[in-house]
Amino acid sequence: MGSKDAEVMKEGIIMKKLMTLALAAAMMMGVATGANAIDFKAKGQWIMSFDYGMHGTFGNGKAANNAGFKRNVGKYEDQFEAMQRVRLQLDAVASEALSGTVFFEIGDQVWGQDKTGGALGADNNSVVELKRAHIDWMVPNTDLKVRMGIQGLALPAFTTNASQILDDDVAAVTLNYQFNENVALTAFWARPYNDNYGYVGQNDKQYNNYMDNMDMFAVLLPLTFDGVKVTPWVMYAALGPGMFDHEGHGNWGSYGSAWTRASRGLTSGFVGGDKLDSYGNAFWAGVTGEVTYWDPFRIAWDVNYGSVSYEDEKMNREGWLASLLLEYKLDWGTPGIYGWYGSGDDSNPKNGSERMPVVSANGNNDFSNFAFNGNPYIAREGVLGSTMVGTWGVGVRLKDVSFLEDLKHTLRVNFMGGTNAPKMAKYVGQGFIKDGVDVTATGFAYDPIYLTTEDYALEVGLTNTYKMYDNFTVMLDAAYIAMWLDDSRSTWGKSSMRNFSGGKSSGTYDAWNVNLSFVYSF
């Protein structure tokens with residue numbers, strides 16, 4: 001090929017690239033012209049988190065192991081772990097009456113762990129997930145707002161700032177109407193589960209994805225007056241008999257089933273033996289609110305009740321949970337005192353559970369960053385459980401204490417215990433039939449520690465937050481939990497047919513953790 005031919009070919013390639021760029025620019029201009037009314041808004045958050053703590057000795061004793069710590073909290077976690085998470089949200093806003101949102105989450109990535117994409121090469125793609133995707137619109141000529149799609153949905157909570165029944169992402173349709181400055185109405189239909197498992201009918205006929213849905217319907221009535229907010233609410237859910245049974249055994253949570261968060265919170269823990277052909281029925285109601293009329297003094301309360309009933313009554317679950325918060329805001333911080341009490345199981349496992357049923361409580365509990373799910377970023381948490389059901393407690397705190405600009409401290413001290421009958425300890429986590437009660441899988445569904453009236457815990461936590469820049473926050477959180485579990489044979493000192501570590505049963509079990517998080521938000 002001559003130099004002239006090469007030059008012509010080179011010019012042709014250049015022209016082709018220019019034409020491609022021109023075409024792309026024209027397409028972009030066309031999009032911009034056709035969608036000039038759309039305002040795109042981006043939000044995001046980067047979190048780098050470092051944990052150091054001692055969890056291993058907490059689960060060594062027979063009592064802690066039998067109560068569920070080792071199998072559920074993760075006794076074999078490393079003492080030191082580094083993690084990160086990225087969240088990206090894009091809002092496409094056409095007007096006040098129409099917008100769309102998509103929200104992605106990358107992580108949690110554990111540094112060095114291949115399955116989360118944190119190992120060398122960092123090319124594992126299994127950690128990217130769609131967190132939310134919904135549209136918001138208003139019915140023309142009305143004030144009725146509609147949100148449709150996967151969205152964050154939470155029942156009201158004024159004390160803990162996180163519902164102990166429902167606070168998570170879920171596919172739903174939400175309606176909101178503001179009648180006036182005092183009265184509003186919110187209603188939703190949500191579908192947490194559908195088409196995941198299967199159901200076995202008569203003659204062992206398999207029906208894939210048959211009657212395995214869960215549908216929830218709720219109505220909330222927020223009332224706002226001068227210095228007073230009150231929100232009464234009710235919620236109903238229908239639960240298909242195939243919800244938990246992806247192994248095809250035809251029973252609610254039968255042998256080998258997954259026992260998801262739903263099964264832990266929506267049944268007694270008893271594994272039913274009937275091949276059911278009818279829906280379970282769940283009902284919740286609550287009254288939550290706060291009084292700020294005597295500002296800076298604030299009173300807040302949450303009173304919740306729930307029940308779930310099935311054809312097999314031994315699977316039923318019914319209970320309540322109430323909490324109260326008193327706090328006084330000063331110039332240098334906000335001291336407060338609070339308490340809660342949740343009903344617990346009686347000594348008869350065959351009459352179901354007396355604890356309040358839970359759908360999914362994944363919010364940030366203001367009462368505790370370690371015993372419960374309270375850390376706003378990434379950290380080891382939920383040592384005693386994701387919720388406060390089946391427990392009681394009292395606590396004091398100094399919130400948002402600040403002596404230096406942009407530096408705040410929150411100190412918490414909680415003393416708590418269980419409300420479940422000690423006799424129930426022998427049914428938890430056994431994995432076999434005991435006294436005619438089938439306690440396969442998770443037994444009576446501890447989440448993750450099952451506390452009786454003979455068990456107690458003391459938690460001390462200190463959270464320090466420094467706003468280094470407008471969009472950059474550094475948080476140092478330290479917490480310590482001492483637990484006193486009853487080692488007697490009448491409670492957790494029983495012999496177990498499961499394998500356990502065989503460590504000493506000292507009666508006192510400690511867990512502690514220090515978390516350092518760096519957070520960039522925009």
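**Patch, pairs and bridges in a predicted model**

Biologist: Which strand holds V460?

Modeller: V460 is in strand β22. Strands here are DSSP E runs of at least two residues, helices are H or I runs of at least four, and both are numbered from the N terminus.

Biologist: What kind of model is this, and how are residues numbered?

Modeller: It is a predicted model: local features need pLDDT of at least 70, side-chain atom pairs count only at pLDDT 80 or more, and totals for chains, interfaces and linings use all residues. Residues are numbered from 1 along each chain as its sequence is written, and side-chain values use heavy atoms, leaving out hydrogens and water.

Biologist: Back to V460. Buried, partly exposed or exposed?

Modeller: V460 is partly exposed, because its relative accessibility is 35%. The cut-offs: buried is under 20% relative accessible area, exposed is over 50%, and partly exposed is in between, with a 1.4 Å probe and protein chains only.

Biologist: Which surface patch does V460 belong to?

Modeller: V460 is part of a nonpolar patch, along with L324, L326, W332, I337, V396, L398, F403, L404, L411, V413 and L462. Together they have about 1000 Å² of accessible area. Two or more residues each come from β15 (317-328), β18 (391-404), β19 (407-418) and β22 (456-469).

Biologist: Which element gives the most?

Modeller: That is β18, with four residues.

Biologist: What makes a patch, by your rule?

Modeller: Patch residues have over 30% relative accessible area and no salt bridge. Nonpolar side chains (Val, Leu, Ile, Met, Phe, Trp, Tyr) are joined within 5 Å, like charges within 9 Å. Accessible areas use the Shrake-Rupley method with a 1.4 Å probe, and for residues only the protein chains shown count as cover.

Biologist: Zoom out. How many helices and strands?

Modeller: The chain has four helices and 24 strands. It runs to 522 residues, and 47% of them count as buried. The accessible surface is about 24900 Å², with 58% of it from carbon and sulfur atoms.

Biologist: Where does T334 sit, and what does T334 touch?

Modeller: T334 is in strand β16 (residues 334-342). T334 counts as buried, because its relative accessibility is 11%. Setting aside neighbours within four places in sequence, T334 is in contact with E327, Y328, K329, R397, L398 and K399. T334 and D400 are 66 residues apart in sequence, but their C-alpha atoms are 6.4 Å apart.

Biologist: New topic. How many salt bridges?

Modeller: The whole structure has 12 salt bridges. The rule is a Lys or Arg side-chain nitrogen within 4 Å of an Asp or Glu carboxyl oxygen.

Biologist: What is the N to O distance for D169 and R132?

Modeller: The D169 and R132 side chains meet at 2.8 Å, N to O. D169 is in strand β6 (residues 166-178) and R132 in strand β4 (residues 128-138), so to speak distant parts of the chain, 37 residues apart.

Biologist: And R147: which partner?

Modeller: R147 bridges to D136, with the closest N and O atoms 2.5 Å apart. R147 lies in strand β5 (residues 145-154) and D136 in strand β4, 11 residues apart. R147 is partly exposed at 30% relative accessibility, whereas D136 is buried at 17%.

Biologist: R298 and E290: buried or exposed?

Modeller: Both R298 and E290 are buried. Elsewhere, salt bridges that share partners join R85, R87, E105 and D108 into one network.

Biologist: Now rings. How many aromatic pairs?

Modeller: The count is 16. F50 and W111 are edge-to-face, because their ring centres are 5.4 Å apart and their planes are at 90°. F50 lies in strand β1 (residues 39-54) and W111 in the loop between β3 (98-110) and β4, so the pair ties together parts 61 residues apart in sequence. Y469 and F472 also pair, tilted, at 6.2 Å centre to centre and 35° between the planes.

Biologist: What are the ring cut-offs?

Modeller: Phe, Tyr and Trp rings (the six-membered one for Trp) pair if their centres lie within 6.5 Å. Planes under 30 degrees apart are stacked, over 60 edge-to-face, and the rest tilted.

Biologist: Which residues form a ring cluster?

Modeller: Y338, W340, F367 and F372 are linked into a cluster by ring pairs.

Notes: Contact means heavy atoms within 4.5 Å.
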